[in-house]
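Hello,

Here is the structure you asked about. Please open it first, then read the notes below.

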Amino acid sequence: MTFRIETERLILRPLALTDEDDLLEYQSHPEIVRYIPWPERTREQVREALEKYAPLHKDVITENGDFLLLAWELKDGANKGKVIGQSNLSIERKEDQYSEFGYVTHQNFQRQGYAFEASRALLDYAFRNFAIHRIVAKIDSRNPESAHLAEKLGMRLEGTFRESEFFKGDWCDMWEYAILKSEFQA
Ligand SMILES: CC(C)(COP(=O)(O)OP(=O)(O)OC[C@H]1O[C@@H](n2cnc3c(N)ncnc32)[C@H](O)[C@@H]1OP(=O)(O)O)[C@@H](O)C(=O)NCCC(=O)NCCS
């Protein structure tokens, strides 16, 4: 059966090569990629990334480096079927049951609760179905929107790592937000 997480307004399912047009709309946008490690992708770069990463999605993640790579597809309305964002969630250290995740919302669909809805459902699914004890979001300190979302998800700011990444030409302070399975499920 095809992997699928359903929320009130979204279907989360693996990214597919046929998502190219929808992904191009936001993956080419400068504001969207500012704090994520992608260039402003051209159509060719979107296709290349899809061809490279979409087949690597795993429905069940158990080993170091395994990841879910999920499109957020609108369930209803005028844009039914459109992909308006995406999530990734990986096993980083199996022995510690340590996972990291991330999220992106299409610029025309932000501030409507989609990232929260998708991320909450994904965390819930991940903690229920995989051997995961702790999930972390690494966030550029110039990206407070993302930090607010992490806080709304119940994540805790555990530290600021001064100039820990050289990112797109600048040294960046990184925030680490985290949540434990026991905290999420409480
Ligand atoms: C961060 C991001 C995913 C938020 O997506 P979104 O769909 O707009 O988020 P939601 O509508 O679900 O909002 C959830 C919460 O996030 C916070 N938030 C989102 N956008 C915000 C903004 N512009 N200013 C302040 N807080 C914001 C708020 O706490 C919000 O809750 P509230 O509406 O109750 O105040 C989106 O801005 C984005 O895609 N940014 C570019 C990609 C990126 O930087 N990803 C994260 C990399 S770490």
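**Aromatic rings**

A search of the whole structure finds 7 aromatic pairs. Two rings of Phe, Tyr or Trp (its six-membered ring) pair if their centres lie within 6.5 Å; planes under 30 degrees apart count as stacked, over 60 as edge-to-face and the rest as tilted. Phe-3 and Tyr-125 are edge-to-face, because their ring centres are 5.2 Å apart and their planes stand at 75°. This pair links distant parts of the chain, 122 residues apart. Phe-3 is in the segment before β1 (5–6), and Tyr-125 is in helix α4. Helices (H or I, at least four residues) and strands (E, at least two) are DSSP runs, numbered from the N terminus.

How buried are these two residues? Phe-3 is buried, with a relative accessible area of 5%. Tyr-125 is partly exposed, at 24%. The cut-offs are these: buried means under 20% relative accessible area, exposed over 50%, and partly exposed in between (1.4 Å probe, protein chains only).

Phe-101 and Tyr-103 also form an edge-to-face pair, with 5.4 Å from centre to centre and 70° between the planes. Phe-101 and Tyr-103 are buried. Phe-3, Tyr-125 and Phe-130 form one aromatic cluster.

Before you go on, note that this is a predicted model: local features need pLDDT of at least 70, side-chain atom pairs count only at pLDDT 80 or more, and totals for chains, interfaces and linings use all residues. Residues are numbered from 1 along each chain as its sequence is written, and side-chain values use heavy atoms, with hydrogens and water left out.

**Charges over rings**

Which ring does the charged end of Arg-9 sit over? It is the ring of Tyr-114, and the distance to the ring centre is 4.0 Å. The charged end of Lys-152 sits over the ring of Phe-116, 4.6 Å from its centre. A charge sits over a ring if NZ of Lys or CZ of Arg is within 6 Å of the ring centre and within 35 degrees of the ring normal.

**The ligand**

The ligand is surrounded by 19 residues. The closest are Thr-105, Arg-111, Gly-113, Asn-143 and Lys-152. A residue is near a molecule or strand if one of its heavy atoms lies within 4 Å of it.

A polar backbone atom of Thr-105 is 2.8 Å from an oxygen atom of the ligand. For a polar backbone atom of Gly-113, the distance to a ligand oxygen is 2.7 Å. Asn-143 has a polar side-chain atom 2.9 Å from an oxygen atom of the ligand. The ligand taken alone exposes 910 Å², and the protein buries 80% of that. Accessible areas come from the Shrake-Rupley method with a 1.4 Å probe; for residues, only the protein chains shown count as cover.

Which element gives the most to the shell around the ligand? It is α5, with 5 residues. β5 (98–105), α4 (114–129) and α5 (144–152) each supply at least two. By type, the shell holds 8 nonpolar, 7 polar and 4 charged residues. Here Ala, Val, Leu, Ile, Met, Phe, Trp, Tyr, Cys and Pro count as nonpolar, Asp, Glu, Lys and Arg as charged, and the others, Gly among them, as polar.

**Single residues to look at**

Start with Trp-72. Trp-72 lies in strand β3 (residues 67–74). It is buried, at 0% relative accessibility. Its side chain makes a polar contact of 2.8 Å with the side chain of Ser-87. A polar contact is a pair of N or O atoms within 3.5 Å; within protein, one must be able to donate a hydrogen and the other to accept it, and residues adjacent in sequence count only if both atoms are side-chain atoms.

Asp-19 sits in the loop between β2 (10–14) and α1 (20–27). Asp-19 is buried, with a relative accessible area of 4%. A polar contact of 2.7 Å joins its side chain to that of Arg-13.

Finally, Gln-97 has a positive phi of about 50°, although it is not a glycine. Gln-97 lies in the loop between β4 (83–93) and β5. Gln-97 is partly exposed, at 34% relative accessible area.

Best wishes
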